[in-house]
Amino acid sequence: MYKHLLVPVDESELSVANVGEAVKLARSFAVPARVTFFHATADYGASVEGSRARAQMRDRRPPLFTEGTTMRVPELTPSEYSERVIGSSRALLAKACAAAAAAGVGYDTHSVISDQPAEAIVQAGRDCGCDLIVMASHGSTGLRALLSPSVAAKVMRQAGMPVLVTRSEGTDTQVEASRAIALIQDEHRSLAAAIYGMRRRLSQAIDGSAGLDREFFGRLVSYLQNFPERRHHVKEEESLHRLLREHGDQGRDVMHQLEAQHLEEYRLADALHTAWLACGEGAVGADPGLAALQQAVEALAAHVWQHMALEEESLLPLAKQVLDRADWREVAETFEGHRDPGFGEWSDEDFRSYFTRVANEAQLPQAPLVR
Ligand SMILES: [Fe+2]
Ligand SMILES: [Fe+2]
């Protein structure tokens, strides 16, 4: 029915859920619709809100020096701030693209700098030739203002095309569950985006258009090797699986299977690391090192798709039936990084900013991603 959806994204869990709904909708038509993911970066640089945002985005590294007992943290320069904001935008769009690619839905991205989110969304809808806007609405402010209720209302008034506003509604438990599930899916999408980034680099090296940038490729390898083992799977096992087990035997077999898959994933990620070590800088064409690297990437990718599908299609629906509101809150807090399971020296925040840097460097959303 609709041919081209515009889907604004921001940092919120509702946006993650909205991307999922939009992709499902696009896929439901007899001829699947195309999706353009849109992000408006506010030009906060010169504003009061911008200086506050910059202050919140200060580097997490230890302060460079102290004055007496007053700790001084280095402020970001305006250009560092811009780089981070643009990087964040790329990371958000890359994750949304990963969701569309996983569903086999055609997609594109569009981003602008604007202080007027509603106008920016409406203009993007027109510029991209969309016939439906699918957006979430929530009450956040500041950097999340893109999808605030007043923005949604304004878009509906001005769009000149149908607007579908998705909301997280239901009982408190359902709302809490949706938040936790969105956080888990968001991490899945970042892993998928890293795999897509690897495939793109590899195909460029194999077709000869760009020799392998070994150092950069290594950063993607490092993310796929460390993030699941140190954070993502640990959080799943320590919160979701533990809480489910406390409610009885339901899901026992599937959790057993998932935990075995976690171990297999570590093995495949180590094999990928070994293949990367053996591959030379600038490798191109029929280089045997590249072929081995491609084989290792595809083995890991196949495993990760299978694993994420089992979690999203079997475990999470079961958990929705079994867990209560307090459980879901605990899962959400764990995935937000507020409850540290106590493993590894890198925090969730460290991995988020690592992913953002890599997504920025790889220019992830700009490349066609093929599953
Ligand atoms: Fe898992
Ligand atoms: Fe997972």
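Visitor: What makes residues 139-144 a stretch to read with care, and how many contacts beyond four places in sequence does the model have there?

Guide: This is a predicted model, in which local features need pLDDT of at least 70 and side-chain atom pairs count only at pLDDT 80 or more, while totals for chains, interfaces and linings use all residues. Residues are numbered from 1 along each chain as its sequence is written, and chains are lettered from A and ligands numbered from 1 in the order in which they are written. pLDDT, the predictor's confidence in each residue, runs from 0 to 100, and over residues 139-144 it stays under 50. For that stretch the model has 14 contacts beyond four places in sequence, a contact being two residues whose C-beta atoms, placed from the backbone, lie within 7 Å.

Visitor: Where in the protein chain is confidence lowest, and where highest?

Guide: The lowest mean, 35, belongs to strand β3 (residues 65-67), and the highest, 98, to helix α8 (residues 252-278); helices (H or I, at least four residues) and strands (E, at least two) are DSSP runs numbered from the N terminus. The protein chain averages a pLDDT of 84, with 80% of the residues scoring at least 70.

Visitor: Why is α7 called roughly antiparallel to α10?

Guide: The axes of α7 (residues 214-246) and α10 (residues 325-336) come within 10 Å and cross at roughly 180 degrees, where axes are lines fitted to C-alpha atoms, for helices over the stretch in contact, and angles run from 0 to 180 degrees between N-to-C directions. Angles under 35 degrees count as roughly parallel, over 145 as roughly antiparallel, 65 to 115 as roughly perpendicular and the rest as oblique, so α7 is roughly antiparallel to α10. Among the residues that meet are K235 and L243 in α7 and D327 and F335 in α10.

Visitor: How do you know that β1 and β2 pair, and which residues are bridge partners?

Guide: Two strands pair if DSSP finds at least two bridges between them, and 5 bridges join β1 (residues 4-8) to β2 (residues 34-41), which run parallel. H4 has R34 as its bridge partner in β2, and P8 has F38. The open sheet has 5 strands in the order β5-β2-β1-β6-β7, with parallel pairing.

Visitor: Why is β1 described as largely enclosed?

Guide: A residue is buried if 20 or more other C-beta atoms lie within 10 Å of its own, exposed if 12 or fewer, and partly exposed in between, with C-beta atoms placed from the backbone. In β1, 4 of the 5 residues are buried, so the strand is largely enclosed by the rest of the structure.
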